[in-house]
Amino acid sequence: MPAILRRVRAAGFAAEAISGAEVAAAIDVGFRPDQIVLGGAAKSWPTGTVVPGLLALLDDTLDGFAVAARASSGHRHHCVRLRFPGVGSRLGFDTASPEQREKLAAALLYASENGVSVGLATHEHNVPAARSGVWLAGIYSMLDGLNDAHPGILASIECLDLGGGYEAACLDDMIWGDLGEDLLEYVHDRLPRCRTIILEPGKSLVQAYGAVIGTVLACYPENEVCVDASMAELPWPTPRRPVSVWRSDRWEQLGEGDGRIAGRCTAETDILATSVDIGSLAPGDKLLFADAGAYDWSMRNMFGTATVVETSGDEYAAA
């Protein structure tokens, strides 16, 4: 959405992209290449152009890192994304074993010795403020384990990218509080050549500023209501997502209860809210689902939006 990107640029932020199309969108609204970070598992998606001179390029595999580093295209930093220990994921390089850590150290050292500014990146999709210390300790543990496998390798790191869905309170602590001071102290002591720290606070900044409004279609005796929204509009599951009903010309948040709000799809997983008091709801009521910003917006689709076309006589086909 160009209007949002322009606001982000005006506020002094950089842009994080996961495809050539998103890089192009950022360039179109005035971001310079050195204000853009490109990550993701499908950067070669054949839409848009990846311009040279990006701030950082993040790779999930050593092969991808090696190829990108050889053809650096003038990007400032080339980073390997690390997978958190014990996380079952296809994303990020697994450093759980000493052998893997040694392979990573060798790749970083080779690139650094050939003039490439190398870095490390992490991503945790949900970091509540109460767990921020544990999250940061996990990152330190991965870095320390890498240095144990190849003493001195951390001295080659020039960029550290800490991505993820940390909460606004966690971001505040990172920028102004003890969490940030602890991070800077660690970087100063352990990563002496690191001059760039990248934070990816997208979720904490924009997830709370989106909403989806739906209409109650039916009420069921099993303490459930069905609405005309669905997991196509709200694909990011959020525990205890705030839900409000339109009453007396204002939105009133529903209290806690044992009811649930189901979407319009014939899928058992199409549940938009649970543990809410739905006793006062009736067909026709308008409901507002909050916290539906960037994470939901980027994954929503047009599923269920029927386009009716006339075929012959009284017969119609719905796509």
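Helix α4 (residues 98-113) and helix α5 (residues 132-149) have axes that come within 8 Å and cross at roughly 80°. That puts α4 roughly perpendicular to α5, a label covering angles of 65 to 115 degrees. Helices here are DSSP runs (H or I, at least four residues), and axes are lines fitted to C-alpha atoms over the stretch in contact, with angles running from 0 to 180 degrees between N-to-C directions. This is a predicted model, in which local features need pLDDT of at least 70 and side-chain atom pairs count only at pLDDT 80 or more. Residues are numbered from 1 along each chain, and side-chain values use heavy atoms, leaving out hydrogens and water.

On the α4 side, P98, R101, E102, L104, A105 and L108 make the contact, and on the α5 side G145, L146 and A149 do; contact means heavy atoms within 4.5 Å. Sorted by type, these residues come out as six nonpolar, one polar and two charged (Ala, Val, Leu, Ile, Met, Phe, Trp, Tyr, Cys and Pro are nonpolar, Asp, Glu, Lys and Arg charged, and the others, Gly among them, polar).

H150 sits in the loop between α5 and β7 (157-166). Leaving aside neighbours within four places in sequence, H150 touches A105 and L109. From H150 to P98 the C-alpha distance is 9.7 Å, although the two are 52 residues apart in sequence.

Elsewhere, helix α6 (residues 168-176) packs with helix α7 (residues 178-190) at about 50°, their axes 4 Å apart. In this pair, C170, D173 and M174 of α6 meet D178, L179, G180 and L183 of α7. These divide into four nonpolar, one polar and two charged.

How values were computed. Helix = DSSP H or I, 4+ residues; strand = E, 2+ residues; numbered from the N terminus. Parallel < 35°, antiparallel > 145°, perpendicular 65-115°, else oblique.
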